Amino acid sequence: MTPIEGRPRTRAVRLGPRSLAALCLVSAVGVAGFGWPLFADPTSQVAAHAQDAPWLFAGLLVLLVAVVTATISESGLGPKAVAMLGVLAATGAALRPIGAGTAGIEPMFFLMVLSGRVLGPGFGFVLGSVTMFSSALLTGGVGPWLPFQMLAMGWFTMGAGLLPGPDRVRGRGELALLAAYGFCAAFAYGTVMNLAGWPFMGALASNVAFDPHADVTANLARFLAYCLATSLGWDLGRAVVTVVLTLALGAPLLKALRRATRRAAFETPVTFEPR
């Protein structure tokens, strides 16, 4: 809001020390979960760890609770904030089936960009993860890939909350910034998700398959070839849809989200007056 309107501008929820520590911890677990095959010993049984996803999922749920708890305790957020998180997660989950099976038409991504922008990185990470979990229940997409999808979507939404604040970028410039971020992050999401399954696809052609005996540089070259050959079209579609929806619907949705967070008193702790 502008000073003329007499209302404070809605700001994203700031990260405190405990929130930052929880996010760093869950991100470190995620990086290890995605990238460990590249650095594993050639004699290790990489394929034997393809069934470790349930353990990663259980650990991720605990860490998500830690992020939420730390953010609430440090920011003074109340039940309304958590309720809004649930509403946005349900909305994003409902949007995902619209483009299921269609090359890159995934409207939930643009909602995650706008929500992360308004809610901030901490709640943004939790929103992205919970939305992906909810959508998997709706679409029957529960499997060993789910915890990796939750992590990747959490990072995707968190990144929008780390962009320069609305005090520095606003109006059309803010929409252009969010659209550019959505375009790049859509490719990043697809690339990270490719990394989750690529080491275990031994039946692929030898020039793009993971080679446990090759060095990191050689495997990264194979991985790049794999991404170009298998997911470039899908990632491009996702990126374009995210840009188009952000530019077309971003302004009214940002306004609505900021009005909702202001009414939920995101930055005002709940107090009780004595009778």
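A residue is called buried when its relative accessible area is under 20%, exposed when over 50%, and partly exposed in between (1.4 Å probe, protein chains only). By this rule Ser231 is buried, because its relative accessible area is 8%. Ser231 sits in the loop between helix H8 (216–230) and H9. Leaving aside neighbours within four places in sequence, Ser231 is in contact (heavy atoms within 4.5 Å) with Asn194 and Tyr226.

The model is a predicted one: local features need pLDDT of at least 70, side-chain atom pairs count only at pLDDT 80 or more, and totals for chains, interfaces and linings use all residues. Residues are numbered from 1 along each chain as its sequence is written, and side-chain values use heavy atoms, with hydrogens and water left out.

The protein chain has nine helices and zero strands. Helices (H or I, at least four residues) and strands (E, at least two) are DSSP runs, numbered from the N terminus. Along the sequence the pattern reads α-α-α-α-α-α-α-α-α. Of the 275 residues of the protein chain, 45% count as buried. Contacts were also sorted by separation in sequence. Among those between residues at least 6 apart, 82% join residues at least 24 apart. The accessible surface of the chain comes to about 13,700 Å². Carbon and sulfur atoms account for 68% of that surface. Accessible areas come from the Shrake-Rupley method with a 1.4 Å probe; for residues, only the protein chains shown count as cover.

The interior was examined next. A nonpolar core is a set of buried Ala, Val, Leu, Ile, Met, Phe, Trp, Tyr and Cys residues joined through side-chain atoms within 4.5 Å. The largest such core has 55 residues. Phe34, Met153, Phe156 and Tyr189 have the most contacts inside it. Tyr189 touches Phe109, Met132, Gln149, Ala152, Met153, Phe156 and Arg238, not counting residues up to four places away in sequence.

Helix H6 covers residues 146–161. Of its 16 residues, 15 are buried, so the helix is mostly covered. The expected span of a helix is 1.5 Å times one less than its number of residues.

Leu127 lies in helix H5 (residues 121–139). Leu127 counts as buried because its relative accessible area is 0%. Beyond its neighbours within four places in sequence, Leu127 is in contact with Leu85, Leu88, Ala89, Met112, Ser115 and Leu119. Leu127 and Met112 are 15 residues apart in sequence, and their C-alpha atoms are 7.9 Å apart in space.

Charged pairs were then considered. A salt bridge is a side-chain nitrogen of Lys or Arg within 4 Å of a carboxyl oxygen of Asp or Glu. The structure holds four salt bridges. One of them joins Glu174 to Arg117, with the closest N and O atoms 2.8 Å apart. This pair links distant parts of the chain: Glu174 is in helix H7, Arg117 is in helix H4 (residues 108–119), and 57 residues separate them. Both Glu174 and Arg117 are buried.

Glu174 also forms a salt bridge with Arg258, where the closest N and O atoms are 2.5 Å apart. Glu174 lies in helix H7 and Arg258 in helix H9, so this pair ties together parts that are 84 residues apart in sequence. Arg258, like Glu174, is buried.

Arg238 is buried, with a relative accessible area of 4%. Asp235 counts as buried at 5% relative accessibility. Glu106, Asp235 and Arg238 are linked in a network of salt bridges. Arg238 is also among the residues that Tyr189 touches.

The surface was searched for patches. Patches are made of residues with over 30% relative accessible area and no salt bridge; like charges are joined within 9 Å, and nonpolar side chains (Val, Leu, Ile, Met, Phe, Trp, Tyr) within 5 Å. Phe183, Leu236, Val240 and Val244 make a nonpolar patch of about 310 Å². Helix H9 (residues 232–263) gives the most to the patch, with three residues. Phe183 belongs to helix H7 (residues 171–197). Phe183 counts as partly exposed because its relative accessibility is 32%.
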